[in-house]
Amino acid sequence: MKTPIHAVSTWVRRQPPKVKAFLAVVSGMAALVLLKLIVHDHDNLFVAAEAVHSIGISVLIYKLMKEKTCAGLSLKSQELTAIFLAVRLYCSFVMEYDIHTILDLATLGTTLWVIYMIRFNLKTTYMEEKDNFALYYVLAPCVVLAVWIHPSTSHNILNRISWGFCVYLEAVSVLPQLRVMQNTKIVEPFTAHYVFALGVARFFSCAHWVLQMMDTHGRLLVVLGYGLWPSMVIISEIVQTFILADFCYYYVKSVFGGQLVLRLPSGVV
């Protein structure tokens, strides 16, 4: 006998792409409304996003220490993550120092440890041939965008470009990891937990900005600055959320189906 979850997932899978997109938008809006009712201080969502990201990194550390393998992990995604965290940390020190600076510092430290483990201690298990996403495909566009569109504050131009760069890079830093999963088709539990945690973190971060927009009736865009920068901040948050949305759907389906290993259909990632 089919469970309700399985029946719903089967029905969704049979729908045409336009219906799936509509259902995804409706689900996202419903989740935003729920968060608006539950979370009164929306700044807590931003802290929650960074905390969930840290939990995801902790899952990776547990995997590396317990299983002594980095199979299925993208070194390039970890390196991109370290880059945007380091740049954001620099911007936090010179532009605004708060709780996010401490969380970023902790996340950067653990990310660097993961990179060290993959590059040296567990190098023999690294699937380099699967981790074949060219980094210049994301780094070059992010640099160009940052030079062209960045915050319009009174800070030094280099600091403003750096801030724009880390916002854009964060939005696409998970792409190499998704390429690895696309190449392998089978995602083992710890890697799946990590990527799902990234998806949740991205959603919380996106929800923070969207709800702030709703609360201020759009005035937040004026606070962020002028020109294209405010819109690009919101677009970057939405992009990084939708990049992981498809994977998160199959992750939840797999968990409710009692499957320990996540098998991705062709063309999912």
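Predicted model: local features only at pLDDT ≥ 70, side-chain atom pairs only at ≥ 80, totals over all residues.
**Exercise 1**

Determine how helices α4 and α8 are oriented relative to each other, and which residues make the contact.

Solution. 
Step 1. Two packed helices are described by the angle between their axes and the distance between the axes.
Step 2. For α4 (residues 75-95) and α8 (residues 175-184), the axes come within 7 Å and cross at roughly 170°.
Step 3. Angles over 145 degrees count as roughly antiparallel. Helices α4 and α8 are therefore roughly antiparallel to each other.
Step 4. On the α4 side the contact holds Lys76, Ser77 and Leu80, and on the α8 side Leu175, Pro176 and Gln177.
Step 5. By class, the residues of this contact are three nonpolar, two polar and one charged.

**Exercise 2**

Locate the salt bridge between lysine 63 and glutamate 67, and state whether each residue is buried or exposed or in between.

Solution. 
Step 1. Side chains of opposite charge can pair when their charged atoms come close.
Step 2. A salt bridge requires a side-chain nitrogen of Lys or Arg within 4 Å of a carboxyl oxygen of Asp or Glu. In the pair of lysine 63 and glutamate 67, the closest N and O atoms are 3.9 Å apart, and the pair forms a salt bridge.
Step 3. Both residues belong to helix α3 (residues 43-67), where they are four residues apart, about one turn of the helix.
Step 4. Buried means under 20% relative accessible area. Lysine 63, at 1% relative accessibility, counts as buried. Glutamate 67 has a relative accessible area of 34% and is partly exposed.
Step 5. Lys63 and Glu67 are also linked with Glu188 in a network of salt bridges.

**Exercise 3**

Solution. 
Step 1. Glutamate 79 and arginine 119 meet through their side chains in a salt bridge, at 2.6 Å from N to O.
Step 2. The relative accessible area of glutamate 79 is 18%, which is buried. For arginine 119 the value is 41%, which is partly exposed.
Step 3. Arginine 88 forms a salt bridge with aspartate 104, with the closest N and O atoms 2.9 Å apart.
Step 4. Arginine 88 counts as buried at 10% relative accessibility, and aspartate 104 counts as buried at 3%.

Note on methods:
Residues numbered from 1 in each chain as written. Heavy atoms only, no water. Axes fitted to C-alpha atoms, helices over the stretch in contact; angles between N-to-C directions. Helix = DSSP H or I, 4+ residues; strand = E, 2+ residues; numbered from the N terminus. Parallel < 35°, antiparallel > 145°, perpendicular 65-115°, else oblique. Contact = heavy atoms within 4.5 Å. Nonpolar A, V, L, I, M, F, W, Y, C, P; charged D, E, K, R; others polar. Buried < 20%, exposed > 50% of the residue type's maximum accessible area, 1.4 Å probe, protein only.
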